[in-house]
Amino acid sequence: MKKLAGIGILCLIVLMTLAGCGGGNGGGGNEESPSSPSSPSFSDNFERNELGANWTVVVDVNPSGAKWEIVQDASISSKVLTTGSWGSVIAGDATWANYFVSAKVKPEISSTIGLIACFQDRDNYYSAVLDGQKLILKKKYGGSATVLGSSDFSYSTSQYYQIKLQVNGSALAAYAGDGTDPLITYTDNNNPFSSGKIGLTCSTPSTGFFDDVLVTKL
Ligand SMILES: [Ca+2]
């Protein structure tokens, strides 16, 4: 009898322990760490043959004309991304905020060529582009483009220029060339885009070349 009672008590202890542990494990197992926005971090030097799944081509007017290809630029011994028509390629995460995007850009003929930040969709984003010997900061909102600022910037079609677009809350800054100071600053107090993906853009009918895309959190 003593032996049976001992086994009974032992079973009870084991059952209670299992129940306690089970409850604890259940609670812990169901607990998932809260999802946090991914930190803006991205780079691409295009040293491959295909653009790949990280980039999405976005076009406004002529979808069949969108053509983005990785080609060898012998003049700088590097593979670069080129476009033969109007369009943009988009990468990154919609939750990215407070970052800058930069790239080397070579305009061809009379391109409007540059960078996109805080991309929501093809009708809503910021851009910094080279156009007509100027650096221009634009906002596309609801499909309508507005110039937020511009600065003279002399460039040729035979070399690459460093372009940078920075978004820090509602504060925007656009850079071109080797200088460390922004050529354009602007505070967007009118429905600012505080986060969004990055992109590269080029107007029709010209061609542009891009290399060494970099995104860094501020
Ligand atoms: Ca490259």
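Trainee: Is Cys118 buried or exposed?

Mentor: This is a predicted model, and Cys118 is found in strand β7, residues 113-121. A residue needs 20 or more other C-beta atoms within 10 Å to count as buried. Cys118 has 26 C-beta neighbours inside 10 Å, so Cys118 counts as buried.

Trainee: And Gln133, is that buried or exposed?

Mentor: Gln133 is found in the loop between β8 and β9. The cut-off for exposed is 12 or fewer neighbours. Gln133 has 10 C-beta neighbours inside 10 Å, so Gln133 counts as exposed.

Trainee: What is the phi of Gln133?

Mentor: Gln133 is not a glycine, yet its phi is positive. Cys118 also has a positive phi, near 50°, and is a residue other than glycine. For Gln133, the value is about 60°.

Trainee: Which residue is the bridge partner of Ala128 in β9?

Mentor: Strand β8 covers residues 124-131 and strand β9 covers residues 134-141. The two pair in the antiparallel sense over 7 bridges. In β9, the partner of Ala128 is Leu137.

Trainee: Which strands stand at the edges of the open sheet?

Mentor: The sheet has 7 strands, paired antiparallel, in the order β2-β5-β14-β7-β8-β9-β10. An edge strand here has a single partner strand, so one side is left without a neighbour in the sheet. That applies to β2 (56-58) and β10 (144-152).

Trainee: By what average angle are neighbouring strands of this sheet turned against each other?

Mentor: Take the open sheet with the order β2-β5-β14-β7-β8-β9-β10. Direction is ignored for this angle. On average, neighbouring strands are turned by 25°.

Conventions
Residues numbered from 1 in each chain as written. Predicted model: local features only at pLDDT ≥ 70, side-chain atom pairs only at ≥ 80, totals over all residues. Pairing = 2+ DSSP bridges. Helix = DSSP H or I, 4+ residues; strand = E, 2+ residues; numbered from the N terminus. Axes fitted to C-alpha atoms, helices over the stretch in contact; angles between N-to-C directions.
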